[in-house]
Protein chains: 2
Amino acid sequence: MTQTFDIAVIGATGTVGETLVQVLEELEFPVGTLHLLASSESAGHSVPFRGKNVRVREVDEFDFSKVQLAFFAAGPAVTLSFAPRATAAGCGLIDLSGALPADQAPQVVPEANPHVLSTLKKPFQLSSPSPSATALAVVLAPLRGLLDIQRVSVTANLAVSAQGREAVSELARQTAELLNVRPLEPKFFDRQMAFNLLAQVGTPDAQGHTSLEKRLVHELRAVLGMPLLKISVTCVQAPVFFGDSLSVSLQLGAAVNLEAVNQALEAAPGVELVEAGDYPTAVGDAVGQDVVYVGRVRAGVDDPAELNLWLASDNVRKGAALNAVQLAQLLIKDLV
Amino acid sequence: MTQTFDIAVIGATGTVGETLVQVLEELEFPVGTLHLLASSESAGHSVPFRGKNVRVREVDEFDFSKVQLAFFAAGPAVTLSFAPRATAAGCGLIDLSGALPADQAPQVVPEANPHVLSTLKKPFQLSSPSPSATALAVVLAPLRGLLDIQRVSVTANLAVSAQGREAVSELARQTAELLNVRPLEPKFFDRQMAFNLLAQVGTPDAQGHTSLEKRLVHELRAVLGMPLLKISVTCVQAPVFFGDSLSVSLQLGAAVNLEAVNQALEAAPGVELVEAGDYPTAVGDAVGQDVVYVGRVRAGVDDPAELNLWLASDNVRKGAALNAVQLAQLLIKDLV
C-alpha cells in the first residue's frame, strides 16, 4: 500500500491554485485528504479533484495539524498570516507568493538546485520562485557549467493571468470594447491593456524597481547558485492571457559554442528546444505544457561572446503549479 | 514669395506613405506639386493633401526629372528598382526602406547626426533609419557625451503596422475570431498573432538574425557615430496596432548619475520624459506624437553601472514619416 499525504492548498480558487489541484491529480501525487482553502470571499466554491467537487473552506479556521504539507498559492499577505501557523503545527509548506525570506524558505527549481532539499529541516519551508525566474532557471541551469555567464539581460513579457482572473476578464473586456468601437473604461488595469504593453507590473520603489523585478533577480541568483550574477530585468505586462515570453541576452566571458549550447538544451530536463529558424510562442507552444520552450538560439549580430535566447513558458503551470508539485514530489521522499 | 519644391512620394498608399503626406501638410512643407506614386495595384487610389484628393499614379511611368525630392516609402525592392532612376534624373531622395548602403545613402536622424547632411553631394541620397533605430537614436544621442556606454541591450516589441495594412487587418480579424470563439485561421502571420507575441519579425539568416535586427544594429551605430558599440537586439512582433515599445538596458563604464540623465532627457529635442513612477505606453502616449516617450529611467537592481529605459514611439510617424520630413526640412536649406 502506498503511503498518502494529507495536503492543503491555500488560494485554491485562484488561477495557480486551481491548476495546482489539477497537477496533483495528473501526476498522481499520493494525496490522502485534500483540503482546499481560501479567503472568506471564495469559501463555499468548489474545485474538481479526482472526479469529485471539493468544497473550498476558509483558511482562517483551518487546523494545519491535519495535513503534512500546505501549498500557499495566494498572495504574500496570506502567506505571511498563515505560514507561521502551518509551521507551528508541524506542517511542511511550499510558498508560491515570494513572501518568505530565502534563509527561511529557500527558492528551489527541481531542474536547477534540487540539492537544497537535502539541507532542509522539518517542518520543511520552501519557496517556488516567480514564474519568470523558474523558466529562466530551467533553461540557464544546464548552461551554467558550459558558459562563463557574466550578465543576463531579460525583458519578461508577462501574461495577465499572473494577476488573477480579474486581469484575464479585463483584457477580454477591453479588447471587445475596442473592437466594437465602444469607449474604453479601464478598471483592473489603470490604462488601456488591450493592444498595448504596460512597462511596469506593480508599483516601483524609490529606485524605480518593481518587487517582481527584484524578486526575479534575487531568485534567479539563488536558484542558479550564482550570487554575484549581474541581471538586468524589465517586467512588462503584455496583452496575452496565458504564457510568458522572455527575451534573454547573455554576455559571456568567451565566444559561445552554439553547438554545445544546443546539445545541452536538447538534453536538459524541463526544456524543449525548437529547431533553428523556428521559434516557440507562449500561446502556440508553451500553454498547458510541462516544459519551457526555447528558440532563437544565436550569438550577437557581430559579438560571438553574446548568447541570445527566447523562452516561452506557461506562467501558471510550468512557472508555478507544476514547479511546486515537483518540489513536493521530491520532498515526500524525505517525509516518508 | 517662398520657394517651393516638387515632391514625389513612392509608396503613397502605405501606412508610412500616407502619414508622410499628412506630415508634409501639417509641417507646412513648401510643396509645389505633389506626385503620389505606387505600384500598379495601388495606382488609381487617391490620398488627401491640402483639402484635395491627389491621385496615385504608377511609379513605373514616372519621370523623376519633374521633382527635386523623392521619398521612398515602399519596400526595399521598390527602392532598388527606382532609386537609380531618381538619382540619374538629378532628384534628391530620402529612402525609408533600408535598401541602400550607408556609404551611398547615410542614415540620419536630425536629433542625433544632422552634421552628416553638410557632407552630402547632389543629388542627395539619404536613409531614414528603421523606426526602432530612430527612436533609440533620439533618446541615446543626448546621453552619448554623458555616459560611457559599453553595451546596449534592446528588446523591441514592434507594432504590426510596420508590416502594412494587411497585418493590421489580420490582428483585428484574429482577435475578433478568438473573442467569438471561432476557429483561428492565420493568413498574413503564419500563426496566432492575437493575444500572443512572435519572437521573430522576418526570416532569420544562417546565424539566426533577422534583417531588421541587423539593420537596427548597423543604423544605430552609424547614427550615434559609435561604430564599435555593442548592441544586443531582439525584434518581437507584439499584438499592438500602432506604436513600438522598447525595453532598453545600457551597460556603462561607471556608475550612472540618474539626475544628470534625467536632466539631459528633459532638455533633449524629440524626447518626452515622463515623471518618475509613471511610464509611457505606445498606445496611450506615443501614437500620433512627434516625440519619443521615455520612462522607467533607473539603474540596475543592484548595479549602479546599468541604466534601464523604456521607450514608446509611434513607429509610423516619429519612427518613419516625421523623421523623413524633418530630414527634408534640413535638406531644402541646401537645395535653395
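**Exercise 1. Determine the handedness of the crossing of helix 3 and helix 5 in chain B, and describe the contact.**

Solution. 
- Step 1: The crossing of helix 3 and helix 5 of chain B is right-handed. A crossing is right-handed if the near helix is turned clockwise from the far one by less than a right angle, and left-handed if anticlockwise. Helices (H or I, at least four residues) and strands (E, at least two) are DSSP runs, numbered from the N terminus.
- Step 2: Helix 3 of chain B spans residues 131-140 and helix 5 of chain B residues 211-224; their axes come within 9 Å and cross at roughly 30 degrees. Axes are lines fitted to C-alpha atoms, for helices over the stretch in contact, and angles run from 0 to 180 degrees between N-to-C directions.
- Step 3: Helix 3 of chain B brings B:Ser132, B:Ala133, B:Leu136, B:Ala137 and B:Leu140 to the contact, and helix 5 of chain B brings B:Leu216, B:Glu219, B:Leu220, B:Val223 and B:Leu224. Contact means heavy atoms within 4.5 Å.
- Step 4: By class, the contact of helix 3 with helix 5 of chain B has eight nonpolar, one polar and one charged residues. Ala, Val, Leu, Ile, Met, Phe, Trp, Tyr, Cys and Pro count as nonpolar, Asp, Glu, Lys and Arg as charged, and the others, Gly among them, as polar.

This is a predicted model: local features need pLDDT of at least 70, side-chain atom pairs count only at pLDDT 80 or more, and totals for chains, interfaces and linings use all residues. Residues are numbered from 1 along each chain as its sequence is written, chains are lettered from A and ligands numbered from 1 in the order in which they are written, and side-chain values use heavy atoms, with hydrogens and water left out.

**Exercise 2. Relate chain B to chain A.**

Solution. 
- Step 1: Copies are superposed by least squares on the C-alpha atoms of residues with pLDDT of at least 70 in both.
- Step 2: That is the relation of a two-fold axis.
- Step 3: The copies meet through the same surface, because 100% of the interface residues of chain B are also interface residues in chain A.

**Exercise 3. Describe how helix 4 of chain A packs on helix 4 of chain B.**

Solution. 
- Step 1: Both helices cover residues 165-179; they pack at an angle of about 125 degrees, with their axes 11 Å apart.
- Step 2: Helix 4 of chain A is therefore oblique to helix 4 of chain B. Angles under 35 degrees count as roughly parallel, over 145 as roughly antiparallel, 65 to 115 as roughly perpendicular and the rest as oblique.
- Step 3: The crossing of these two helices 4 is left-handed.
- Step 4: A:Ala172, A:Thr175, A:Ala176 and A:Leu179 meet B:Ala172, B:Thr175, B:Ala176 and B:Leu179.

**Exercise 4. Locate the cis peptide bonds and the positive phi of A:Val181.**

Solution. 
- Step 1: In chain A, a cis peptide bond joins A:Lys122 and A:Pro123, with omega about -10 degrees. A:Pro123 sits in the loop between strand 6 (92-95) and strand 7 (125-127) of chain A.
- Step 2: In chain B, a cis bond joins B:Lys122 and B:Pro123, with omega about -10 degrees. B:Pro123 is in the loop between strand 6 (92-95) and strand 7 (125-127) of chain B.
- Step 3: A:Val181 is not a glycine, yet has a positive phi of about 50 degrees. A:Val181 lies in the loop between helix 4 and helix 5 of chain A.
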